[in-house]
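Subject: Structure handover

Hi,

Here is the structure for your files. My notes follow below it.

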Protein chains: 2
Amino acid sequence: MATIKEIARKAGVSATTVSNVLHGRMARVSQDTKEKVEAILDADKYAPNMGAMILASNNSRIIGVIMFMKPRRNETVLEDPFSSTILGAIEAEIRRYGYFLMLHTTSDENEVIRLSKTWKLDGLVLMWVPGSIGCVIRKSMETPLVFVDSYFEGASYPCFNVGLDDFSGGYAIATYVLSMGHRRVVFLANDKVYPGSDRTRFEGCRRAFEERGLSFNEEQYIILSKDAKERHKLYRRFIGSPPEFTALMFSADYYAVEAVSFLAAHGTRVPEDVSVTGFDDNIFSRLIRPQLTTVHQDVYQKGKKAVEMLMLLINGESVVDADVRLPVRLVVRDSVQAIAGADLG
Amino acid sequence: MATIKEIARKAGVSATTVSNVLHGRMARVSQDTKEKVEAILDADKYAPNMGAMILASNNSRIIGVIMFMKPRRNETVLEDPFSSTILGAIEAEIRRYGYFLMLHTTSDENEVIRLSKTWKLDGLVLMWVPGSIGCVIRKSMETPLVFVDSYFEGASYPCFNVGLDDFSGGYAIATYVLSMGHRRVVFLANDKVYPGSDRTRFEGCRRAFEERGLSFNEEQYIILSKDAKERHKLYRRFIGSPPEFTALMFSADYYAVEAVSFLAAHGTRVPEDVSVTGFDDNIFSRLIRPQLTTVHQDVYQKGKKAVEMLMLLINGESVVDADVRLPVRLVVRDSVQAIAGADLG
DNA sequence: CTGTTAGCGCGTTCAA
DNA sequence: TTGAACGCGCTAACAG
């Protein structure tokens, strides 16, 4: 067990000096001493004892990454390819900054608070936290906090969040669908509550409709069940001609792909019989045929940005915008067909 | 900061007593004292300081989960839906046992060793570690170790591993493909090195061929590039009629789906023009049309089993089989077509 | 530039 | 059944 004291003894210096070398406090160590100490550090494969560090300095260099439960399907959060992509990004960034990542899944705010105290977490990244719970956590801790894909409209004080420009995404896709001549359109998503990504995307769609003097209201917002069987039952509604709707706008690629697949299996062709759009531009959307017209988001960037903000917070630097909305862009592929007489272009 | 000392003061007892209550050492605490202390513990929301615990007892209750780099595509490991599923399982199990999970991505054994020392890790789960590196890690630490999907043929002493019965999987799928009348068949995988999952699956296939007096050799083992463009170039080879091969056996659903999608886009139908099989039975295989005939593995179970073994090791209990091979099963769906004259049934 | 010293919070003797 | 005392490895004053 190569400890600082041990190294100090071997180098014939004090423990403080070794500590100073370790922390690069060169103002307090001579070049000679530094090199000598470093050589021994290296030879003995010195590894710090983080327990002692936590105790002495009251911080751990651990970033807690909390996944709030079940954002989509009725399974472990992490099964969603989105979660794993963003987790990959967050892990890489945290490592790059020389921090450690403690992963935890929960839907209980007290667990989060306890974890933070127990481990003296330096910071926390919280994914998909309901706004109200997010506020509670924020208020009961001093630990720097960054939320991902959460919504905090009207929160009393700033909750740092990295999300998406959901509104523009909804607006872009609806504008496109409308430009292709579709009028009988529905929006399909998990969650109708406001505020929230799904709701905001819907509002974006609505704006596109309203700008054209059309209405887009609650009846055109279909809630998708968390249960796959239930969803399949719903998709049956989109089979048959003439179709009740000419375009289905999903708020997530996952469901869009599921629907395309289901429809194909039941003889309904996309886009010939019905047009479909997604949101996210994940791996599914490119793998399915027809490839999905969707809204692209840069998931890796989202994770990276969240950690970047957290590091600013940890270092006490000022963060200008509490609510970052990453840009999105329309990706036109093959799942939307023009309706005769549409104002193309 | 509710510390043990603090709680002790409030309860009018000593710190040792509080510690005993905390650890359920009821033989050393009276019922009255216990209740009084617990009430205060609760009211003050006592949370242990793990730093102090590490220092005092030299273990952290942290399990390190190490993802070795890039098992498949040329991206972050975690983007693969497989990684996220198994990580979800591991996270849930670790939490269930009351441990903490530190996630780390690397391909450097020294980093793993350092991490373990720095944090006094109680155990490690290592995913996709090359056998040779695995041995090095195993030898340079006392920390309990469980590998996932690694291969240790001929290791000098036992490396605990949870894997799949890859051989039977390969055998099952090849037997099926042969029974459907296919003879011009190839196996497509990443890695030709032996030992390894891909190689073992191939060997399973070969056995099925040999049992029928057919040969299946190296020329029928095609290595898939890590680069998508390169793979697409390869897939072109399977377009056109008469086809060079009537069946393509992929060692992973991901690639099988990619190929099906590519072929569909180029007018080659699966299974009418060419049959395709996968391996894993992941979400892709059910979402694509035709749905994939593949080999099912229970990824969640794999993660669960790994943690279970690790807990046994941590508690010093004996683990009988060092190399667990989880069962697989053939899942027949729609991506393989019978060749005229095949011995069906 | 270098060394000494006093804790950080908890577990674990050992003594009462 | 309870308590006092020590040490784990490190950091941060402070003194030289």
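What rotation and what shift along its axis superpose chain B on chain A? A rotation of 180 degrees with 0.0 Å of shift does it, at an RMSD of 0.3 Å. The two copies are thus related as by a two-fold rotation axis. In chain B, B:Gly51 comes closest to the axis, its C-alpha at 2.0 Å.

Conventions: this is a predicted model, where local features need pLDDT of at least 70, side-chain atom pairs count only at pLDDT 80 or more, and totals for chains, interfaces and linings use all residues. Residues are numbered from 1 along each chain as its sequence is written, and chains are lettered from A and ligands numbered from 1 in the order in which they are written.

Next, the DNA. There are 27 residues around DNA strand D (C-beta, placed from the backbone, within 6 Å of the strand). Among those that come nearest are A:Ile4, A:Ala52 and B:Val13. Helix 4 of chain A gives the largest share, 5 residues. Helices here are DSSP runs (H or I, at least four residues); strands are E runs of at least two, and both are numbered from the N terminus.

Last, helix 6 of chain B, residues 109-119. Its buried residues (20 or more other C-beta atoms within 10 Å of their own, placed from the backbone) include B:Val112, B:Leu115 and B:Trp119. Just after this helix, B:Lys120 takes a positive phi of about 50 degrees.

Best regards

Definitions and conventions: Least-squares fit on C-alpha atoms with pLDDT ≥ 70 in both. Buried ≥ 20, exposed ≤ 12 C-beta atoms within 10 Å, placed from the backbone.
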